[in-house]
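Good morning, and thank you for making the time.

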Amino acid sequence: MLIRDAELDFGQRRADLRVVEGMISAIAPHLERSRDEVEIPARGRALLPSLCDHHIHLLGTAAARASVDCSAAACGDADGLEQALIAADRTRRGDDWLRGVGYHGVLFEGTGSQLDRHWLDRVLPQRPVRIQHRSGRLWVLNSLALRRIGVDPEDARPPLEQDESGAATGRLYDGDAWLRARMEQRRPCLREFSQRLWAMGVTAVTDCTHSNDAEDYAHFLEAQQQGALLQDLVVMGGTDLNRRLDTGTRRIRVGARKFHLHDHALPEYGAFKAQIRAAHAVGRNVAMHCVSRVDLTFALAALCETGVRPGDRIEHASVAPPEAVAQMAELGLIVVTQPALIAERGDDYLREVEPDDQPHLYRLASLQQAGIPLALSSDAPYADIDPWRAMQAAVDRRTRAGAVIGAGEALTPEAAYDATAGDLDTPGKRRRLGVGGRADMLLLDTDWAGACADLSRVRPVVVWREGRTTIT
């Protein structure tokens, strides 16, 4: 394949590029077309490395796409949520579950009510319903849903929340494993949303679900083999992934041991350090979910004592005060974060996050200035999967209402792209199209200057992984 007259390196040069057997074999101002070689005219449009989503939850995102959007942006208020659930109920057959995602308590502000099983019973008493909070840590179930999983709503037991009489409120905090054990497990198909990711230029992903085990790994491998998962994949998860999983393919591999920290329920400190050392001992990196100042402080204190393995990561770093930034730099950690959350939730952060922490929200430029490798990601289904919107959010740091959070943390368009197109195995490591490299690329419908006018509107016209565009 010969790509003719492509713009490379963010507009720094124009050249022809040849691909042979999935690799870039030549780049020059002009290359002679070989016999029977397919020629693609770029006409000065930008040719760039393809994208990687460095933090996503594949099964959760696929399930969310078949769920009701219960977010404030979609519903507006409690009445809007009620109408959305009723409308969704009409499209369901029989007594199938109805699943909602993205809920936030702001929907009920000023109503004197709240989302609990009693509210859901009033709206949809005839169908089992479960609604997930946008944080992913809370489910709210109606009475029929509780009975479906073998729970008497009037006689609840932990981990279900109880009211003063011992009855279930319908709220379940940090109970995913408990809930999964009581429900029929049907993993969602990945095909449709994998194709959507591909169309946006994403050819590689890291699944960061902390509960991933060998069965999940096998499911992802099968999805790749059947053509339902198009992306190369690194799978984070628990200790079950320590066992040797020889798949005979380089398209999927085991990633870091994921620790899901929550400041209200942190693990015992000594045991936590022992788990870090155990992961390092079997050759696995660690990745720490840190969405608060407390989470981050706890993780960094432990890593200072256990030592760091190259490739250890902080996920989110949602609140990173200057002393934490300095410590992450000193330890040599990678930060994988989500600028799209500034655009999607920034107005909520300005209301809810402590004023002292607001300047430290989802930092970007200051991390790079400190020498910390930085990678951008979606955290889907908890934020939009669109990498181009995330890049624009990294550039303008603007909320839905137009406020700017941390203007000094903004990235240039080029830096935002590099952080989104980084190496799958080494997030934050910049990739460039060069001779000898894999032909994982995308071609835009404009030059780079045109794309920078509004990155959120950009879509590739062609996407390649190892020189192939075919979606099977």
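Let me start with strand β20, which is covered on both faces: Met 441 and Leu 443 on one side, and Leu 442 and Leu 444 on the other, are all buried. Buried here means under 20% relative accessible area, exposed means over 50%, and partly exposed lies in between, with a 1.4 Å probe and protein chains only. Helices (H or I, at least four residues) and strands (E, at least two) are DSSP runs, numbered from the N terminus.

Before I go further, please note that this is a predicted model, in which local features need pLDDT of at least 70 and side-chain atom pairs count only at pLDDT 80 or more, while totals for chains, interfaces and linings use all residues. Residues are numbered from 1 along each chain as its sequence is written, and side-chain values use heavy atoms, with hydrogens and water left out.

What sheet does β20 belong to? Three strands form an open sheet in the order β5-β20-β21, with antiparallel pairing. The edges are taken by β5 and β21 (460-464), each with a single partner strand, so one side of each has no neighbour in the sheet. From one strand to the next, the twist averages 25°; axes are lines fitted to C-alpha atoms, for helices over the stretch in contact, and angles run from 0 to 180 degrees between N-to-C directions. Two strands count as paired if DSSP finds at least two bridges between them.

Strand β20 (residues 441-444) is joined to β21 by four bridges in the antiparallel sense, and to β5 by three bridges, also antiparallel. Met 441 can be followed in both directions: its bridge partner in β21 is Trp 464, and Pro 49 stands opposite Met 441 in β20.

A parallel pair is found elsewhere, where four bridges join β8 to β9. Gly 100 has Ile 131 as its bridge partner in β9. Five of the five residues of β9 are buried. On one side these are Val 129, Ile 131 and His 133, and on the other Arg 130 and Gln 132.

On a 1 Å grid over the protein atoms alone, a cavity is a set of points where a 1.4 Å probe fits but cannot get out; a pocket is an open set with protein on both sides within 12 Å along at least five of seven lines, and lining residues have an atom within 4 Å of a point. Grid points are joined across faces, edges and corners, and a volume is the space filled by probe spheres set on the points.

The structure holds two cavities of 30 Å³ or more. Of the 13 residues lining the largest cavity, Asp 53, Ser 377, Ser 378, Pro 387 and Thr 420 are the closest to its centre. The elements that give two or more residues to this lining are β6 (51-56) and α14 (387-396).

The second largest cavity holds about 50 Å³ of space. Strand β5 (residues 47-49) gives the most to its lining, with three residues. The lining residues are Leu 8, Asp 9, Phe 10, Leu 47, Leu 48, Pro 49, Arg 432 and Leu 433. By class, six are nonpolar, none polar and two charged, where Ala, Val, Leu, Ile, Met, Phe, Trp, Tyr, Cys and Pro count as nonpolar, Asp, Glu, Lys and Arg as charged, and the others, Gly among them, as polar.

The second largest pocket has a volume of about 1,000 Å³. It is lined by 39 residues, with Ser 71, Glu 344, Ala 383, Asp 384 and Arg 400 nearest its centre. Helix α12 gives the most to this lining, with seven residues. The lining divides into 14 nonpolar, ten polar and 15 charged residues.

Finally, how many disulfides are there? With a disulfide taken as a pair of cysteine sulfur atoms within 2.5 Å, the count comes to zero. The sulfur of Cys 208 lies 9.6 Å from the closest cysteine sulfur, in Cys 52, too far for a bond. Cys 208 is buried, at a relative accessible area of 0%, whereas Cys 452 is partly exposed at 25% relative accessibility.
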